[in-house]
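Student: Please take a close look at the aromatic side chains in this predicted model. Which rings pair up, how buried are they, and what do the charged side chains do?

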Amino acid sequence: LRESPSSTGGPLGDVLSSERRSEYMFINLSGYRFVDLPDRDQLRAPLLNLCLSLDLKGTILLSHNGINFSISGDKESTEALIEYLDLDIRLAGIPLKLSQSDYQPYRRMLVKCKREIISLGQDDIRPSELTGPYIAPKELQVMLDDGHDVLLLDTRNDYETRVGVFEGAISLDISSFRQFPQAIESLPEEYKCRPLVMYCTGGIRCEKASAYLKYKGFKKVYQLEGGIIEYFRQVKVQGINNLFMGKNFVFDQRKAERISEHIISNCHQCGSPSDSHINCANESCHLLFIQCESCRLKMQNCCSK
């Protein structure tokens, strides 16, 4: 795999040659770019056919304003997809986030044409033209260690922040990213003049959220480069002091990746410490909730009797 523009040094191949590589069969690859794609509809079929031929699974979203993808497959297949995207100058060199797993975390392969690649309900916000500058994980640590008056803002949904957060971060208690504009209105006016570093899972929500904040008059808006996924990689590669507590929620069958041993949430049924999300096994429910192992056995993976 080619080098990641979002990394501070080594090629992404270093991830694939890390410890216990032999135990992992699947490369989980995600990336995005805000860029004008007037031929969005024509891009869909060739992309889908390629991914199906490579036995990749996951989702690719295409809009007239960009691309967003999360896919999984073996090393050769993921490399082939990257090479294909690099043939289009608009999609070449997209910063990539990688992780590994010993099973396929997606059930099928989808390529969808959407109005927005990340839904904020603000069509006039264009991150390709204006967005907050990036801060690398190491830069963030230096800022915090030096006592800078920095605000950390979590742009994720409440079910994500429930199991993992940065120490001292502001959570907006939203159930959908579309609620972000309304939630921002509750922030103190003084925040508009203070350095504000936003973070999310892989960076895409911060691109649009930072553009929205600048539009609303916030002066010093920054993004944690690569989101929590890249932050955790840099923690391991550079030996950065990890400030993230708990798990990073991910949108596939894995549900989350553990970043630290902290358990900051509780079972929704018995109240004991737990940070394992599960979808209710009742076919008419499928509620996403937190359930400990004891309640899982007792309730047969369901949210109620």
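Tutor: Phe180 is buried, at a relative accessible area of 0%. Phe177 is buried too, at 5%. Because the limit for buried is under 20%, these values put Phe177 and Phe180 inside that class. The two will come back below as partners.

In total, 8 aromatic pairs are found in the structure. One of them joins Phe166 and Tyr231: the ring centres are 4.8 Å apart and the planes meet at 80 degrees, so this pair is edge-to-face. Phe166 belongs to strand β8 (residues 164-166) and Tyr231 to helix α8 (residues 227-238), so the contact ties together parts that are 65 residues apart in sequence. Phe166 has 2% relative accessibility and counts as buried.

A charge meets a ring at Phe232. The charged end of Lys236 sits over that ring, 4.6 Å from its centre.

Turning to charged pairs, the salt bridges number 19. One of them lies in helix α8, the helix that holds Tyr231: there Glu230 and Arg233 are 3 residues apart, about one helical turn. Their side chains form a salt bridge at 3.3 Å, N to O. Glu230 is buried at 2% relative accessible area, and Arg233 is buried at 10%.

Lys57 and Asp55 are joined by a salt bridge of 3.7 Å, N to O. Lys57 is partly exposed at 23% relative accessibility, while Asp55 is exposed at 52%.

A further salt bridge links Glu257 to Arg254, with the closest N and O atoms 3.2 Å apart. Both of these residues, Glu257 and Arg254, are buried.

Note on methods: Residues are numbered from 1 along each chain as its sequence is written. This is a predicted model: local features need pLDDT of at least 70, side-chain atom pairs count only at pLDDT 80 or more; totals for chains, interfaces and linings use all residues. Side-chain values use heavy atoms; hydrogens and water are left out. Rings of Phe, Tyr and Trp (its six-membered ring) pair if their centres lie within 6.5 Å; planes under 30 degrees apart count as stacked, over 60 as edge-to-face and the rest as tilted. Helices (H or I, at least four residues) and strands (E, at least two) are DSSP runs, numbered from the N terminus. Buried means under 20% relative accessible area, exposed over 50%, partly exposed in between (1.4 Å probe, protein chains only). A charge sits over a ring if NZ of Lys or CZ of Arg is within 6 Å of the ring centre and within 35 degrees of the ring normal. A salt bridge is a side-chain nitrogen of Lys or Arg within 4 Å of a carboxyl oxygen of Asp or Glu.
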